[in-house]
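Q: Hi! Could you walk me through this fold? I'd like to go through it piece by piece.

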Amino acid sequence: METVTLTIDGRNVVAERGITVLEAALENGIYIPHLCYHPDFESHSACRLCLVDTGDGELLPSCRLTVAPGMVVTTNSQMIERARRSILEMMVADHHTTCRGCPSSGQCELQRIMGRLRIDRKRLERLRWPTEDLPRDTSNPFFDFDPNRCVLCGICVKTCEEIQGADAIYYTARGNMTRIAPFGNKPFAQSRCESCGECVVRCPVGALVTKNVQRPKQEVKSVCPYCGVGCGIYLGIREGVIVDVRGDTASPVNGGHLCVRGRYGWRFVHSPERLTTPLVKKSGELVPASWDEALSLVAERLAGYRGDRFAMVTSIKLTNEEAYLAQKFARTVMDSNNIDSDARLSDAPTLAALQRTVGMGATSPLSELAQAATILAIGTNATETHPVVGARLRQAARRGASLIVANPREIDLCRHARMWLRPHLGTDVALIMGICRVILEEGLVDASLVDEKAAGLTAWRESLRDFSLGRVERITGVPQEEIAEAARLLASGPTAIVYGAGITQHTHGTDNVLALINLALLLNTGNDSLRLYPLQAHNNALGVCDMGCLPDYLPGYAAVADASVRERLAAVWKADLPASPGRTLTEMWSALASGTVKALYLVGADPLSTMPGHEAVRQALASAAFVVVQDMFLTETARHADVVLPAASFAEQEGTFTNMERRLQRVRRAISPVGDSRPGWQIITELAGRMGSKGFAFGSAAEIMAEVAALVPPYEKASPEESTLCSFPAADRRFAPLAYEPVEKIADIDYPLLLVTESCLYHHGNWSARVAGLKVLADEPFLQVNPKDAADYGVTNGQMVQVASKQGEMVTKAIVSDVTPPGVVTLKGGAQDLQALQAGLTAVRIVPQTE
């Protein structure tokens, strides 16, 4: 690091070359008053309070003044103080000076500066005060905006522009009428504001404040339990209750940045719908029971269904410790490999493709995303599903990276993209292979290096012969010129590939991921990192799979069929292990319906809300002889159970999560479990003990992780305390030849339109559905219909329509918009009844409703 030496207020200061005088002063404990400066973004010198004198008689804002060798700076003098007083008094003249009742009182930077400059009420009485108050905006369920307390520092504007990238708020009007407001001067709740709260936590005064704010008495470090990003957080605790959440600025994952779910979605922990006692079904009704009664019943009934008659489904929201014990219970206590998780629905194609080509350690740390010159975002609406990653994609585009969005729908990222490719649904393999062919044919990469670093190039290159640009254009609908331009951009510099459920939740999901891995190999073979970023749907999707909650793999992805692995585990677990792979999640339902599987144990899983075509799941549950559900809430699935066991939330137990980078992070107990609920790992250990197993004598989550580390080497080297990466051994890189397989034609004369469901920023499973503020912000489900289709079927904007498929039907509002292509309708929202309509890619008809 190159440094310079300067003098500030008579002190010699050594500072990094290129930083500002204000930053150098603050780093060395020299306070210069300021309101508009924030270390997270470039200074913009709006408040002018940080004036300093460099000896030439001119006062300059220190937030814009770069340090120079030998510079002599004075931060405080009579001339500087007079200037600051004048500036501050003009600010205060438009600001409520009554601090009593202000939520920011005591933490207000304006209050602090007024005290340092000794400005009192008498001095201010000579100023002309506003004659009327501006209306407060209380529309957002999580925070309020009071323009009367705003000092126009611009920090909120810069935050929304540079940190979140939403561009939701800006200055309105001019002169002494200048105000801060959302775009179009709309209320916050009706604007494009994403309610992330980043502007609220940076506001230096009381203009943007959290509703009903309570200051915590202590903070506990933890991890956000929502999406796969795994943002670091601090839970603010007061009187045994969570009252606040803030981002962990030291986290290597998010650096303190949070989305609306991470900052405000914790309220489900204190939902009145939480289960507080075990429930047992008697005479067809679930009634409260003691733990002894409930566990004795479960132990007694499950004992009669060992082997292939038992199945277990785990949630991908569990801690690693819960997931590890769940699969161990299934295999050693119940003698069954019939264990799977809801990762099967979204993340299994990624795991299968990685195993086949580059190994499990091929995903990349998020920190490398900032180094990419080109980013391909395909099959993802990241600003809605993984908002912190979505914000990073916006930031990258702002810095000059070439963002290429491949999505049939027009999503928010399109307005930040250099290119938007709009392929037909189900044609991703053809598009990606076409791009790869251009890269090779035009010599945009060193083919000899690629051949040296990865196997199978010749066979894969042969498979590219089927993907001429003309054929790819006919298949995908993307013009040849755009495919070629995208290929050249992708080959022009360090390239990152970000993909989501639009790639994986597909009948050809594994092929889609293989195609992306081929592209990553082609572009990044000379690098250790492939810069591949699969966006896992939930917080611990990777961890649950790493722990062995798969029917064909044991912990660490050791094959069930490998006898030597089974022997090694049997020696540790002191139990023989079943040798045949078990049933997948989708296979379990038919096995239950046929009576082959009799007993089902659901650990945090709610298939009636997450599985497509849930009528088959409902019938399977009804056919089961015995169903156990372990959950925080009485979900729709839990209502079909014979026994319901109340589980503790992430904030009420110790454990670890593994995020999308495979970063192992610790979850800490911050509050006591609600009612008589218990951590999931404790429930399983006691149940196993009651069933005669001696391999579950664990006294803490740390003891469980110690056993995991002994069996899964990447976890042995990782430290949850330090949030380190679990490095799976690198595999030999290999290309995968592919052929394009058209999606089976499912639209017909009765159901002529294809239905796509789109995630909602404010809805992420049954936890967010129990946060009142998120429900306020989430729109009711609505159907986006292309103007051409709207005209064909007589649908007008805002009209209620019936949407019907072979699986079911619902009535919702239609929004006529060209963001969705012709022939495709998009159901946007998080309602659980959407599952009644859809089983994978589904054909529907729409019928306008008349009043």
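A: Happy to. One term to begin with: two strands pair if DSSP finds at least two bridges between them. By that rule, strand E31 (residues 800-804) and strand E34 (residues 842-848) are antiparallel partners with four bridges, and Ala804 lies opposite Arg845 in E34. Keep in mind that this is a predicted model.

Q: Thanks. In what order do the strands of that barrel close?

A: The barrel has six strands in the order E29-E33-E30-E32-E31-E34, with mixed pairing. On average, neighbouring strands in this sheet are turned by 45° against each other, direction ignored.

Q: Which strands does E29 pair with, and in what sense?

A: With E34, E29 pairs in the antiparallel sense over three bridges. With strand E33 (residues 824-828), E29 runs parallel, joined by five bridges. Leu755 shows both sides: Thr842 in E34 stands opposite Leu755, and Val825 is the bridge partner of Leu755 in E33.

Q: Is E29 (residues 753-758) enclosed or open?

A: Largely enclosed by the rest of the structure, because five of its six residues are buried.

Q: What does Gln784 touch, leaving aside neighbours within four places in sequence?

A: Gln784 is in contact with Arg409, Ile815, Val819, Thr820, Val824, Val825, Thr826 and Lys828. For Arg409 there is also a polar contact, side chain to side chain, at 2.3 Å. As for Lys828, 44 residues separate it from Gln784 in sequence, while their C-alpha atoms are 7.5 Å apart in space.

Q: Zooming out, how is the chain divided into domains?

A: The domain assignment gives domain 1 (3-76), domain 2 (218-270), domain 3 (287-347 + 540-711), domain 4 (360-531) and domain 5 (753-848). The centres of domain 1 and domain 5, taken over C-alpha atoms, are separated by 54 Å.

Q: What about hydrophobic packing? How many residues are in the largest nonpolar core?

A: That core has 121 residues, and those with the most contacts inside it are Leu302, Phe329, Leu519 and Tyr601. Domain 3 (287-347 + 540-711) and domain 4 (360-531) each supply at least three residues to this core. There is also a second, separate core of 98 residues, which includes Cys108, Cys227, Leu369 and Leu413.

Q: Which residues does Phe329 touch?

A: Not counting residues up to four places away in sequence, its contacts include Leu302, Phe310, Met312, Met334 and Tyr601. Ile684, Leu687, Ala688, Met691 and Phe696 are also among the residues Phe329 touches.

Q: And Thr685, which helix is that in?

A: Thr685 belongs to helix H25 (residues 680-690). Thr685 counts as buried because its relative accessibility is 12%. Apart from neighbours within four places in sequence, Thr685 contacts Leu325, Phe696 and Phe698.

Q: Switching topic: what's the strand order of the open sheet?

A: Five strands form that sheet, in the order E19-E18-E17-E20-E21, and the pairing is parallel. Strand E19 (419-421) and strand E21 (532-534) are the edge strands, each pairing on one side only. Neighbouring strands here are turned by 15° against each other on average, direction ignored. Strand E18 (residues 402-406) is joined to E19 by three bridges, and Trp420 in E19 is the bridge partner of Val405.

Q: Which helices pack on this sheet?

A: One is helix H17 (residues 480-490), which touches strand E17 (374-378), E18, E19 and strand E20 (495-499), and its direction makes about 125° with that of E19. Helix H19 (residues 509-524) packs on the sheet too, touching E17, E20 and E21, and its direction makes about 170° with that of E20.

Q: One more: how many residues of helix H10 (residues 348-357) are buried?

A: Seven of its 10 residues, so to speak of cover, H10 is mostly covered. Ala348, Pro349, Thr350, Leu351, Ala353, Leu354 and Thr357 are the buried residues, and they pack against E20, helix H18 (501-504), H19, E21 and helix H20 (541-546). Gly359 follows H10 and has a positive phi, near 90°.

Technical notes. Residues are numbered from 1 along each chain as its sequence is written. This is a predicted model: local features need pLDDT of at least 70, side-chain atom pairs count only at pLDDT 80 or more; totals for chains, interfaces and linings use all residues. Side-chain values use heavy atoms; hydrogens and water are left out. Helices (H or I, at least four residues) and strands (E, at least two) are DSSP runs, numbered from the N terminus. Axes are lines fitted to C-alpha atoms, for helices over the stretch in contact, and angles run from 0 to 180 degrees between N-to-C directions. A nonpolar core is a set of buried Ala, Val, Leu, Ile, Met, Phe, Trp, Tyr and Cys residues joined through side-chain atoms within 4.5 Å. Buried means under 20% relative accessible area, exposed over 50%, partly exposed in between (1.4 Å probe, protein chains only). Domain bounds come from an automatic or database domain assignment. Contact means heavy atoms within 4.5 Å. A polar contact is a pair of N or O atoms within 3.5 Å; within protein, one must be able to donate a hydrogen and the other to accept it, and residues adjacent in sequence count only if both atoms are side-chain atoms.
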